[in-house]
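Let's take a friendly walk through this structure, one topic at a time. Keep the picture in view as you read.

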Amino acid sequence: TSAAKTIQNMTELSLTGLILAGGRGARMGGIDKGLQNFNGTPLSLHTLLRLQMQEGAPLSEIMIVANRNLSAYESLGVQVWPDSTDGFAGPLAGFLTGLERCETSLLLTVPCDSPLFPMDLVQRLTDALISENADIAMAAAKEEDGNIRPQPVFCLMRVTLLESLVKFMQSGGRKIDAWTSQHSTVLVSFDGPEVDPRAFFNANTLEELHRLEKIS
């Protein structure tokens, strides 16, 4: 019935946002990247606010994956989880922790170091995942050389993928695209004239972060 379909769609649309802030920050000299200021606000808080202001369906919950300074992240008012795997194992470790903790049907991941990501990110990834009946929806964007490439840390996935990711990581897998290629994945291109060319730019060094501040 149409009522049942509406309920199913609402269930499909329940999603949790996950901010990935668990990296070593090696190219920033080992500092905790998510706590660096962007226009006077810590990057992770800036990212949190941007997720809260997304167009379309509101996120049911937002969590942060962090591996140090946990109390600083907790002060932002959301749940904070360290990676469930040891040794700064990269973004996929964050995906795994998020899937383990997620209580909704969908999990959206965003990094803490791309403060200008689109305000319609959630809406467009969700629409694509549902219309294509895919397991994963991933953003793609034009890079400085003019080519459109996947942005794998901007990823919407079904929580039913947890078992698959556990197996992949237990077998030594670490690359996001090597895992997502095992599943039905739809790429969502953010390359129109309305998209900020720096929307998916990630600041790996303090110099890059300060440069991004000047143009944002």
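## A buried asparagine and its partner

N204 counts as buried because its relative accessibility is 14%, where buried means under 20% relative accessible area, exposed means over 50%, and partly exposed lies in between (1.4 Å probe, protein chains only). You will find N204 in the loop between β9 (185-190) and α8. Helices (H or I, at least four residues) and strands (E, at least two) are DSSP runs, numbered from the N terminus. The side chain of N204 is joined to that of K33 by a polar contact of 3.3 Å. A polar contact is a pair of N or O atoms within 3.5 Å; within protein, one must be able to donate a hydrogen and the other to accept it, and residues adjacent in sequence count only if both atoms are side-chain atoms.

Before going on, a word on where the values come from. This is a predicted model, in which local features need pLDDT of at least 70 and side-chain atom pairs count only at pLDDT 80 or more, while totals for chains, interfaces and linings use all residues. Residues are numbered from 1 along each chain as its sequence is written, and side-chain values use heavy atoms, with hydrogens and water left out.

## Salt bridges

Side chains of opposite charge can pair when their charged atoms come close. A salt bridge here is a side-chain nitrogen of Lys or Arg within 4 Å of a carboxyl oxygen of Asp or Glu. How many salt bridges does this rule give? The count is five.

Are D113 and K33 buried or exposed? Both residues are buried.

Next come E207 and R211, whose salt bridge has its closest N and O atoms 3.7 Å apart. Both belong to helix α8 (residues 206-215), where they are four residues apart, about one turn of the helix. E207 counts as exposed at 57% relative accessibility, and R211 as partly exposed at 39%. Elsewhere, salt bridges that share partners link E143, D145 and R149 into one network.

## Helices and their surroundings

Two packed helices are described by the angle between their axes and the distance between the axes. Helix α4 (residues 91-101) and helix α6 (residues 162-170) have axes that come within 10 Å and cross at roughly 145°. Axes are lines fitted to C-alpha atoms, for helices over the stretch in contact, and angles run from 0 to 180 degrees between N-to-C directions.

Which residues of α4 and α6 meet? From α4 they are L92, A93, F95, L96, L99 and E100, and from α6 they are L162, L165, V166, F168 and M169; contact means heavy atoms within 4.5 Å. By class, this contact has 10 nonpolar, no polar and one charged residues. Ala, Val, Leu, Ile, Met, Phe, Trp, Tyr, Cys and Pro count as nonpolar, Asp, Glu, Lys and Arg as charged, and the others, Gly among them, as polar.

Now look at helix α2 (residues 43-52): seven of its 10 residues are buried, so the helix is largely enclosed by the rest of the structure. The buried ones are L43, S44, H46, T47, L48, R50 and L51.

## Residues in loops

N69 has a positive phi of about 50° although it is not a glycine. N69 is placed in the loop between β4 (61-66) and α3 (70-74) and is partly exposed, with a relative accessible area of 41%. N133 likewise has a positive phi of about 50° without being a glycine. N133 lies in the loop between α5 and β7 (136-142) and counts as exposed at 60% relative accessibility.

E55 belongs to the loop between α2 and β4. E55 and D120 are 65 residues apart in sequence, and 5.3 Å apart in space, C-alpha to C-alpha. Leaving aside neighbours within four places in sequence, E55 is in contact with M119, D120 and Q123.
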